[in-house]
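Here are my notes on this model, point by point. Please keep the structure open while you read.

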Amino acid sequence: MTTAPAEAAKGALARYEAVIGIEIHCQLKTASKMFCGCSTDIDGAAPNSHTCPVCLGLPGTLPTINKSAVEWVIAAGFAIEAQTPPATRWDRKNYFYPDIPKGYQISQYQLPLAANGRLTFDTSAGPVTVRIRRAHLEEDTGRLIHQEMAGRRASLIDFNRSGMPLMEIVTEPDIRTAEQARRYAEELRLLMRTIGASDAEMENGQMRVEANVSIRPIGREAFGTRVEVKNMNSMKAVERAIGFEIERQAELIDGGDKVRMETRGWDEPSQSTYHMRPKEEENDYRYFPEPDLPPLMTTPEWLAEIATRIPELPSVRRARYTGEFGLSSYDANVLVNDASATALFEGALAVGAGVSPKLLANWVTGEYLRLAKGDAGGGSVDPVELAALARLVADGAISGTNAKEVLAEHYASAAPVASIVEARGFRQISDSGALGKAINDALAANPAAVADYRAGKAAAVGFLVGQVMKATRGQANAAMVQTALRERLEAAE
Amino acid sequence: MADPTRLHAYEMATLLRSGEASSRQLTEAHLAVAEKQNRALNAWLAIDREAALAQADVADMRIAEARRSGADALARLHPLCGVPVGLKDLVSVKGGQATAGSKILEGYRAPFDATVTARLREAGAVIMGKTNMDEFAMGSSTEHSAYGPTANPWNLGRVPGGSSGGSAAAVAAYHAPVCIGTDTGGSIRQPGSMCGVVGMKPTYGRVSRYGIVAFASSLDQIGPFGRDARDAAALLHAVSGRDERDATSAPVPVPAELLDLPSSDDEAAAYLKGLRIALPKEYFVAGMDPGVAARIHEAVATMEQAGAIVEEVSLPHTEYGLAAYYIIAPAEASSNLARFDGVRFGLNDRTSGEFIADYLRTRGAGFGPEVKRRVMLGTYALSAGYYDAYYLKAQKVRTLIKSDFDAVWAAGFDAICAPTSPVTAFPLGAKLQDPVAMYLVDACTLPLNLAGLPGMSIPAGLADGLPVGLQVIGAPWSELSMLRLARAYEGITARAPWRALEPAELELTDDPTTPSPIERMERLTATSAGAGDQSKRT
């Protein structure tokens, strides 16, 4: 791996090096569950309404493989530059818990669908590459809900989530800072969304991030005792929880205590981690090959076919934006990191012949994202309309100020740009005859400004331009007005 | 019409098509005898008269409609249309019980049909009920059923074999012409042998396992019992073939010729001419009943006289089969049985207020001793640090056993003949105290499950008044050839005196004073308890 230049060592990281590995579970975007035909559209559904004998683990039921889930993991494997073996297989991970109906989870142990990958991402201290050990496919569990019922403590189980397809992606312990951890997770999320494998919304559990965190004195080879951190429900929480954990462990060691092997949870209100359960020894999951499923062969033809479906990846796209279009790496990042911005930009580029990519990029990163992230959220911009608007501005047909208003109205109402411009009377006056009267009026009405200019205060022309713009309700071509005013003021001297 | 219960399924098919019999008549007759004799045999855990008669009426309507539509429509009906059939009580039938012989599934009602059930319905077969079995198919005597043992119709004091003992006994006792069983290490063939009926374990992947309560997934296969090769073939035909719901079921075509085995004995016998049969020396083990050895050698000699070429072969890894099997089967079982946790169905004990404790109590109360033994064996074999030494090594042995058989097929043999079981039906209780002695009964059958091969047991006469089974082992997907061989053997032995015999103690089962197998077992337990408290099985 390549490591970013040392970040400003603050706090514990001045004395210790953190060693962090990340495990991410992503719910894959498939129509049906991993091993049965149940719909995956379980958001807000009544408990246990999306279940069948298979995902309830009833006696005699057997799993059948969801091909599309397999293809998503293979696609993700390509995206992280991992290898897919010619034959993979399924393994049973055996353990008891009431939310796991078969008493085992079908997963992949020895032969994951993707192995030995890597992911490069930017941090405040430069680019970092993290090795990814494996990405494999497995099924989700049900959900336990604990509540009082008739005065008794009761545990209810909703099996809607049981059998949902999950991809687990595990890094090597290559991550060194909380920021790197967050950035890794963000970049992976972007990757999943780009290839379409997962919506990866952390808030509703489509993406779950767990971190193994340990620290060691700078320069020491041996790993410290690691602590597993869970319950991080946002990217911000990932960074804060890991940062907190590093400081907590440093304080323990500094105080002469030992770090305990345990699982800790992130508590958002107190901004701290808390003890969930001890992890003295590894669970014995008694993995063995799943006898109900034959090994899965991944033929070169199949892999090649999946590869053709992978869209341009974020890293390639950023390079194209900066290289080919000359965008700043900041703008390229802003465009690439937001799927709707990317789509709008690419769409407008496709139709916007004659408008420079840079100009379109400015509209998307500026006005569009301001609208999309503002209170008015929920609207959209048609790339064809954005291209049309940008061309109007470039041609001087409407003013930049008015164009912003047009975009805002289009965003909210979806009305075509042309009709908004028409209805609001925003078409710019670039006809010198039409401008002449307004200029005359302005000169006549503001003798003081005229005198100022002639006395050498060149800035006074700005005031006069403003007057013309005001009189034309912003429709005048400001550049033409300024040129015409200068000509008039100097000619009449 | 003669006693309908003595008819073969293919004979019933003829009568149903000609209108000489109705499915309702046939079903009534079989229900009556099953209901009457079940007390003494305990072959059935459930007889569903109402559902059976309803299915019979539907079959009668289908047949009547086909008759109106002409000869073609009639010919398109499956031979099992309107024919009564029994299912081992681990086959799911929508709305019905599937106890798998266990207390832990008491009260469970399957909300779906197994693929086997669905295919039988499609064929128009009449499902009479569910037959007794060793708990979760773990056993070789049906004594490990939580609902009491089944008696052998040839000698009511003896076991019918297992685990599909209920199905074998029901077919032997004429309660149904055909029944479904499952075979993980011999559970169709061995009770077939001990009850004097035909039983076949098809090639792994031939019959869908969907809806069959699992014992050991890589070894379980579903197969038919019948009183002859033709009936067994018809049932195999009805349930076979690729099923999208079982990823291990194979897309191998089901031969239509299964329904065209020769009716003429002479025509059937001709199949043996030039057939190369291998006799594996390792299957004639020390400790086998001399009577069994004698019958098998006679059977082979009879086939030789009919033109078969018989040669001795070696299957050198046979002796490791049992050990490998008792790693792999319990390992898979320990995982397959984890779902019986009292959370979603079946027995549950929720008195502790803590779910781990409830789980342990439920399983403690719900599983019998043999199941617990195998769950512990399997859990141990899969544990970290032991996996390589046990499970992985057993899988290597499995490969070696398979290559033993491959060599025989490569040498050009058409089939292997061997004893099905080294012993005839043993007395109730005889092997209950000694699990290893019980396991050894399957020494000649379980290697096939490890190799995934088809095998069948066909009646080959009696030894001391008890049936002996000849095991026919075939190459993968050679069921049709095996059934032709079996049919040929029936042809050349059609006039043998033992062919005409009915199970010797069948008449006793009509007598209400005959003790039930449960009563017999209770007496045995009382006796052995008196002799020194050995009643507690562990």
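Where is Ala100(B) found?

1. Ala100(B) sits in the loop of chain B that runs between strand 2 and helix 5 (115-123). This is a predicted model, so read every value below as computed from it. Phi of Ala100(B) is near 55°. That is a positive value in a residue other than glycine. Ala100(B) counts as buried because its relative accessibility is 0%, and the cut-off for buried is under 20%.

2. Asn116(A) has phi near 60°, and Asn116(A) is not a glycine. Asn116(A) is placed in strand 5 of chain A, residues 114-123.

3. Look next at the peptide bond between Gly162(B) and Ser163(B). The bond is cis, with omega about 10°. Ser163(B) belongs to a loop of chain B, between strand 3 (126-131) and helix 6 (165-172).

4. Now the nonpolar cores. The largest has 133 residues. Leu120(B), Phe136(B), Met303(B), Phe405(B) and Leu483(B) have the most contacts inside it. Helix 8 of chain B (residues 229-239) gives this core its largest share, 8 residues.

5. Which residues does Leu120(B) contact, leaving aside neighbours within four places in sequence? The partners are Leu80(B), Val85(B), Leu87(B), Ala125(B), Ile180(B), Leu235(B), Ala238(B) and Val239(B).

6. His78(B) deserves a look. The residue is in the loop between helix 4 (71-76) and strand 2 (84-88) of chain B. Is His78(B) buried or exposed? His78(B) counts as buried, because its relative accessibility is 13%. Not counting residues up to four places away in sequence, His78(B) touches Arg17(B), Ala123(B), Ala234(B), His237(B), Ala238(B) and Leu259(B). Ala238(B) is also on the contact list of Leu120(B).

7. Turn to another histidine, His30(B). Helix 2 of chain B (residues 23-41) holds His30(B). Its relative accessible area is 0%, so His30(B) is buried. The His30(B) side chain reaches the backbone oxygen of Leu26(B) at 2.8 Å. Beyond four places in sequence, His30(B) touches Pro4(B), Thr5(B), Met12(B), Pro84(B), Met128(B), Tyr174(B), His175(B), Ala176(B) and Pro177(B).

8. Ala333(B) is in helix 11. With 0% relative accessibility, Ala333(B) counts as buried. Ala333(B) touches Met138(B) and Phe215(B), setting aside residues up to four places away in sequence. The C-alpha atoms of Ala333(B) and Val178(B) are separated by 28 Å, and the two residues are 155 apart along the chain. Gly291(B) is in helix 10, residues 290-305. Gly291(B) counts as partly exposed, because its relative accessibility is 22%. Gly291(B) and Thr424(B) are 133 residues apart in sequence. In space, their C-alpha atoms are 8.6 Å apart.

9. The interface comes next. How many residues does each chain bring to the contact? Chain B brings 40 residues and chain A brings 34 residues. The two chains bury about 2,900 Å² between them, with 62% of it on carbon and sulfur atoms. Arg339(B), Arg344(B) and Phe355(B) supply 23% of the area that chain B buries against chain A, more than any other three residues.

10. The rule finds 1 salt bridge between chain B and chain A. Arg209(B) and Asp292(A) meet through their side chains in a salt bridge, at 3.0 Å from N to O.

11. Which elements give two or more residues to the side of chain B that touches chain A? They are helix 11 (321-336), helix 12 (355-366) and helix 13 (369-382) of chain B. Helix 11 gives the largest share, 5 residues. By class, this side of chain B has 21 nonpolar, 11 polar and 8 charged residues. Helix 11 is also where Ala333(B) is placed.

Technical notes:
Residues numbered from 1 in each chain as written. Chains lettered and ligands numbered in written order. Predicted model: local features only at pLDDT ≥ 70, side-chain atom pairs only at ≥ 80, totals over all residues. Heavy atoms only, no water. Core = buried A, V, L, I, M, F, W, Y, C linked by side-chain atoms within 4.5 Å. Buried < 20%, exposed > 50% of the residue type's maximum accessible area, 1.4 Å probe, protein only. Helix = DSSP H or I, 4+ residues; strand = E, 2+ residues; numbered from the N terminus. Contact = heavy atoms within 4.5 Å. Buried area = accessible area lost by both parts, 1.4 Å probe. Salt bridge = Lys/Arg side-chain N within 4 Å of Asp/Glu carboxyl O. Nonpolar A, V, L, I, M, F, W, Y, C, P; charged D, E, K, R; others polar. Polar contact = N/O pair within 3.5 Å; in protein donor to acceptor, adjacent residues only side chain to side chain.
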